[in-house]
Amino acid sequence: MNTPHPFDFVLRNARVATASDTFDADIAVVGGRIVQLGTGLAGGAREIDAAGRVVTPGGVDAHCHLDQPMASPLRMADDFESGTRSAACGGTTTVIPFAAQEKGQSLRTAVADYHQRAEGRAHVDYAFHLIVSDPTPKVLNEELPALIREGYTSFKIYMTYDDLKLDDGQILDVLSVAREHGAMAMIHAENADCIEWLTRKLEAAGRTAPRFHAHSRPMLVEREATHRAIALSQLVDVPILIVHVSGREAVEQIRWARAHGLSVFAETCPQYLFLTAADLGLDDSYQGARCVCSPPPRDKANQEVIWNGLNDGLFTVFSSDHAPFRYDAPEGKKPGGEEVAFRHIPNGIPGLETRLPLLYSEGVLGGRMTLNRFVELTSTNPAKAYGLHPRKGTIAVGSDADLVVWEEREFVLRNTDLHHNVDYTPYEGQRLRAWPALTIAGGELLWDGQFHGRAGRGRFLACDAPSLLPRRA
Ligand code: DUC
Ligand code: ZN
Ligand code: ZN
């Protein structure tokens, strides 16, 4: 017997953009997955007419921090509920935050704890990266290999932050596990000792206002660590991905590595395109604490270097590095209620919801990159880099029906329009030219100017081996 509606849902008349193609099609969905693409498809139980609008795959934000445990009194402003709500309202339908190991803690315990934080709260699908801060023999030989097999196929290692940083020998050990077990190693590249030395000098001179955060982490500090990370990966013969690259000097190191045939991937973030060090303050006002993040934003010339790298293929992934702290809060940028020296200001800015609209507005509509490159950087490549493709990151038969229908309109961004739990956006007053009209996840409408999510509908995704990595016998 013919059912009247062969499909659960049909998105009609879409101008579909993937990383490789742009074409007109209806998109038919059954059971949350795309089952047909073509023109004049049969009817769906539910239909939406996209009327020639651009439709891209839902965004994959492969670098965001949600409800990550913090030392008292600090607390992240967004948990899995508010973070994934704001993600969906900005067109992101998959997030990959971090299950962070504390020193002395078992990696398994960190993962179990993080699952509890996510359980029943996410509006969109999520996977976990691991943060390895204590690579004991048990972690290296047992926990990490087992977790990689179970679907945690990427991890971040830090070259700075006292509670997270690894020394070079530890990095070599962890990279060796990535090589042997086929995981993607993400590296935060800043030289910890240089930062500490500069910070002490600044403090001795009374220079403790937020703007001096940028002085304590000049590009040299990032350049040196980036070069060292590349050398360590070469020694182990394993690809790495350098996260949140901020400007010219790190970019030069990555170009050098590529020119020497090394497999070095790179990520950048909106703050390196839309903010400069001046946003941390031109005087000693505390307001600049809002934009304290690491590496710090640089200057206009460096923004151009980052735009060029996005366009010419240097960067593989564009992520938010959403690390949300409220500004006017004792658990946020004013720890314990005080305006503190820059060393004590929690690092990080919100950006999950604004990542795609910023890049679509200035990148695609500003004529700086093609629509297909936008899709590649924000969805397809992050899904490939972390073992979620082709379920995520594309519009194809068999993929999850995670879709963004774009509306091109000019407006001025206000934090009051956003859905995170943060009391500011660093991009307040930014002129935007586009925003998602609709966000659809697994065939369900989550955003159409109103939010229709449901905490707990988002599922945990076990990741496959990253498809950007070579297969080893
Ligand atoms: N830098 C990081 O390394 N992580 C979170 C936020 C930040 O600014
Ligand atoms: Zn980092
Ligand atoms: Zn981060």
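Along the chain, the donors of the zinc ion (ligand 3) follow the spacing H-x1-H-x255-D; donors are N, O and S atoms within 2.8 Å of the metal (3.2 Å for Na, K and Ca), and as water is not among the atoms, sites may look incomplete. The model is predicted: local features need pLDDT of at least 70 and side-chain atom pairs count only at pLDDT 80 or more, while totals for chains, interfaces and linings use all residues. Residues are numbered from 1 along each chain as its sequence is written, chains are lettered from A and ligands numbered from 1 in the order in which they are written, and side-chain values use heavy atoms, with hydrogens and water left out.

The residues that coordinate the zinc ion (ligand 3) are His63 (NE2), His65 (NE2) and Asp321 (OD), at 2.0 to 2.2 Å. Histidine 63 counts as buried because its relative accessibility is 0%, and histidine 65 counts as buried at 6%; buried means under 20% relative accessible area, exposed over 50%, and partly exposed in between (1.4 Å probe, protein chains only).

A distance of 3.7 Å separates this ion from the zinc ion (ligand 2). Lysine 156 counts as buried at 1% relative accessibility, and histidine 244 at 2%.

The sheet comes next. Seven strands form an open sheet with parallel pairing, in the order S8-S10-S11-S12-S13-S14-S15. Strands S8 (98-100) and S15 (317-318) stand at the edges with a single partner strand each, so one side of each is left without a neighbour in the sheet. Two strands pair if DSSP finds at least two bridges between them; helices (H or I, at least four residues) and strands (E, at least two) are DSSP runs, numbered from the N terminus. Three bridges join S8 to strand S10 (residues 129-131) in the parallel sense, and alanine 99 has leucine 130 in S10 as its bridge partner.
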